[in-house]
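Reader: I have a model open and would like to learn how to read it. Where do we start?

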Amino acid sequence: MQIKEGMEQRYAEFTASQNETAEGQALVRFIETWSGMMECAVKHGAENIPQAAGLTVQAAAADAGITEDSAVIEGAVKLLECWPHGRGLREWYLYHPPEILSAGPDTALESFYASQELRDAVPAIAEAYPCILETSPDFLEAHRIAVSSEPEYAAPALSM
């Protein structure tokens, strides 16, 4: 996980205090897994952090054993504060669905509406974070379908 310049000490103190309880350890694992998944997407060309957040949040929470939406929000708040991409996450944070974890993951829909850059990053995310396949076993298949359903042309062709 990347840490925003100047926030290293604050994040280190946060993780030290959280590591005292099982819930705190789960929160730290969630934050680091989720940010890592989104960083992987960025590394592979995806710049839309809100889309990457929506695609990966449930898998990161499941991997960490997080079952409460409030813990996801707590993790998001920490990322807004300490993560270099926190500004990009702000849109997801403000407009996330009310039931983040209770709604089943719909990776097919998320993949279909994702930017081309995020779609291109999907195989790398699945390879680096196989936990996403445990939460969404259809993750790569949904990606394949979304990619194969792309239109041939970005705009309709006009003919006379």
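Reader: Which pattern does the chain follow, read along the sequence?

Author: This is a predicted model. Along the sequence the pattern is α-α-α-α-α-α-α-α-α, that is, nine helices and zero strands.

Reader: How many residues does the chain have, and what percentage of them count as buried?

Author: Buried here means under 20% relative accessible area. Of the 160 residues, 41% count as buried. The chain exposes about 9000 Å², with carbon and sulfur atoms supplying 52% of that area.

Reader: What span should helix 2 have, given its number of residues?

Author: At 1.5 Å a residue, the 22 residues of helix 2 should span 32 Å; the C-alpha atoms at its ends are 31 Å apart, which agrees. Just after helix 2, Gly-45 takes a positive phi of about 105 degrees.

Reader: At what angle do helix 2 and helix 3 pack?

Author: Helix 2 (residues 22-43) and helix 3 (residues 49-64) pack at about 145 degrees, and their axes are 8 Å apart. Their crossing is right-handed.

Reader: Which residues of helix 2 meet helix 3?

Author: An α-helix has 3.6 residues a turn, so residues three or four places apart point the same way. On helix 2, the residues in contact include Ala-26, Phe-30, Thr-33, Met-37 and Ala-41. On helix 3, Ile-49, Ala-53, Thr-56, Ala-60 and Ala-64 are among them.

Reader: How do the residues of this contact divide into nonpolar, polar and charged?

Author: The contact of helix 2 with helix 3 has 15 nonpolar residues, two polar and two charged.

Note on methods:
Residues numbered from 1 in each chain as written. Predicted model: local features only at pLDDT ≥ 70, side-chain atom pairs only at ≥ 80, totals over all residues. Heavy atoms only, no water. Axes fitted to C-alpha atoms, helices over the stretch in contact; angles between N-to-C directions. Helix = DSSP H or I, 4+ residues; strand = E, 2+ residues; numbered from the N terminus. Left-handed = near helix turned anticlockwise from the far one by under 90°. Contact = heavy atoms within 4.5 Å. Nonpolar A, V, L, I, M, F, W, Y, C, P; charged D, E, K, R; others polar. Expected span 1.5 Å × (residues − 1). Buried < 20%, exposed > 50% of the residue type's maximum accessible area, 1.4 Å probe, protein only. Areas by Shrake-Rupley, 256 points an atom, 1.4 Å probe, with all protein chains shown as cover.
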